[in-house]
Every structure is written in structure tokens, then in C-alpha cells.
Amino acid sequence: SDDEAVIAMVESNLQRETILPSEKAFAYKMKRDALNHQGVASPQLGEKLLTVEKIGAESGDSKNQVLRYIRLTYLIPELLTMVDENKIAFSPAVEISYLEHSEQLILLDAIELNDCTPSHAQSIRLKKLSQEGLLDQSAIYEIMSEEKPNQQEQIKLKRDDLRKYF
């Protein structure tokens, strides 16, 4: 059947040595949809396995990790490309995927304007504001213009050099 063909294709593609996060995300989604469409469930101690648990068991990822990958499919293509290029880390990308399409477009503009990507903490705040209906263009630009701890200029001096003066 078509669903069996999709499952076979996904399983063979997931065996590749290097696979981009976006490829894995869409592969997991396709497999989940095909398994759900078939109505296939595996018995485990007399209970049904969730489809994502079955996918995780076969791929070596946890159920939650499979769900996180599938969540990446909600990103706009430009942000998903940034995940593939390691410009946006996986965890912040998952949080960003909960933003509305229009909010993601504004975020993309803010990323390009500030030449930085959101940290995990920033992406969580963006998601929370979006869910509360309080996320607007100014809030996105304000959050993205914040200086992150790893962006602050640091000065390092050797202890022996300081001892000369103190």
C-alpha cells in the first residue's frame, strides 16, 4: 500500500550517516502519519504502543524527542534552514515552532536585523507571550535586541598579574 511504501522509504532514509534535522523531522512526521493512517499498533505487555513510541524505539530516539523533531515541521522554511545550518539550536527551534506564521516572519526579520539568533530562554519567552496573545512586533524586536551573556565583552587577567597591584 502507499502507507507501507512511505514507511519503507522513511526507514531507509533514516539509515543514512548524516541526516539534517529537517529531513529527520519530515521523515518522522511522514512515518507517524502513515502508521496512524494504517491503524497499526504494536502490543507491548498487552498494551498498545503510541505511534511515536514505536518510531522512537525503532530509531533510538525517545518519544519526546520524536515529538520535538515533528514539531520542527511547523517552522517557516527560512528558520528551518537555519536549524539545518546550525545557526539556530535545536531546543530554541522547537520553542519557536509554536509561534504563529506571522510571528515567525517577524522573528526572522529581527534575527537578520540583530545578526543573532534567540537563546533557549528567549525562545521560551517568545512562545509564552505568543500563547498569551501578547507577542507583537515590538516585543519580538525588544527580546531579540537583548544582549546575551555569551555576547558580553569579557576581560581575563592572570592572577599573578593582578597580585602586582593588589
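**Figure 1. The elements of the chain.** Helices here are DSSP runs of at least four residues, and strands are runs of at least two, numbered from the N terminus. The model is predicted. Its chain has 10 helices and two strands. From the N terminus on, the order is α-α-β-β-α-α-α-α-α-α-α-α. The chain has 166 residues, and 37% of them count as buried. Take the contacts between residues at least 6 apart in sequence: 60% of them join residues at least 24 apart.

**Figure 2. Asp-115, a residue with positive phi.** Asp-115 sits in the loop between helix 7 and helix 8 (120-131). Its phi is positive, about 50°, although Asp-115 is not a glycine. Most residues other than glycine have a negative phi. Is Asp-115 buried or exposed? Asp-115 counts as exposed, because its relative accessibility is 71% and the exposed class begins over 50%.

Figure 3. Asn-86 lies in the loop between helix 5 and helix 6. Asn-86 is not a glycine, yet it has a positive phi of about 60°. With a relative accessibility of 68%, Asn-86 is exposed. This view also takes in Glu-85 and Lys-87, whose side chains meet in a salt bridge, 3.2 Å from N to O. Glu-85 is partly exposed at 43% relative accessibility. Lys-87 is partly exposed too, at 49%.

**Figure 4. The largest nonpolar core.** In soluble globular proteins, nonpolar side chains tend to be buried together. The largest nonpolar core of this model has 32 residues. Leu-72, Leu-75, Leu-79, Ile-88 and Leu-107 have the most contacts inside it. Elements giving two or more residues to this core include helix 5 (77-84), helix 6 (90-96) and helix 7 (101-114). Which helix gives the most to this core? Helix 9 does, with five residues.

**Figure 5. The contacts of Leu-72.** Neighbours within four places in sequence are left aside here. What does Leu-72 touch beyond them? Leu-72 is in contact with Pro-21, Ala-25, Leu-80, Val-83, Phe-90, Ala-93 and Val-94.

**Figure 6. A salt bridge between Asp-61 and Lys-24.** Side chains of opposite charge can pair when their charged atoms come close. Here the side chains of Asp-61 and Lys-24 meet in a salt bridge, with 3.2 Å from N to O. Asp-61 lies in the loop between helix 3 (51-59) and helix 4 (63-71), and Lys-24 lies in helix 2 (residues 21-38), so the pair ties together parts that are 37 residues apart in sequence. Asp-61 is buried, at 17% relative accessible area. Lys-24 also counts as buried, at 17%.

**Figure 7. Other salt bridges.** How many salt bridges does the count come to? The count is nine. One of them joins Arg-32 and Asp-33, whose closest N and O atoms are 3.4 Å apart. Asp-33 is partly exposed, with 37% relative accessible area. Lys-31, Lys-54 and Glu-58 are linked in a network of salt bridges.

**Figure 8. A nonpolar patch on the surface.** Ile-155, Leu-157, Leu-162, Tyr-165 and Phe-166 make a nonpolar surface patch of about 690 Å². Ile-155 lies in the loop between helix 9 (137-144) and helix 10 (159-163). Ile-155 counts as exposed, at 72% relative accessibility.

Technical notes: Residues are numbered from 1 along each chain as its sequence is written. This is a predicted model: local features need pLDDT of at least 70, side-chain atom pairs count only at pLDDT 80 or more; totals for chains, interfaces and linings use all residues. Side-chain values use heavy atoms; hydrogens and water are left out. Patches are made of residues with over 30% relative accessible area and no salt bridge: like charges are joined within 9 Å, nonpolar side chains (Val, Leu, Ile, Met, Phe, Trp, Tyr) within 5 Å. Accessible areas come from the Shrake-Rupley method with a 1.4 Å probe; for residues, only the protein chains shown count as cover. A salt bridge is a side-chain nitrogen of Lys or Arg within 4 Å of a carboxyl oxygen of Asp or Glu. Buried means under 20% relative accessible area, exposed over 50%, partly exposed in between (1.4 Å probe, protein chains only). Contact means heavy atoms within 4.5 Å. A nonpolar core is a set of buried Ala, Val, Leu, Ile, Met, Phe, Trp, Tyr and Cys residues joined through side-chain atoms within 4.5 Å.
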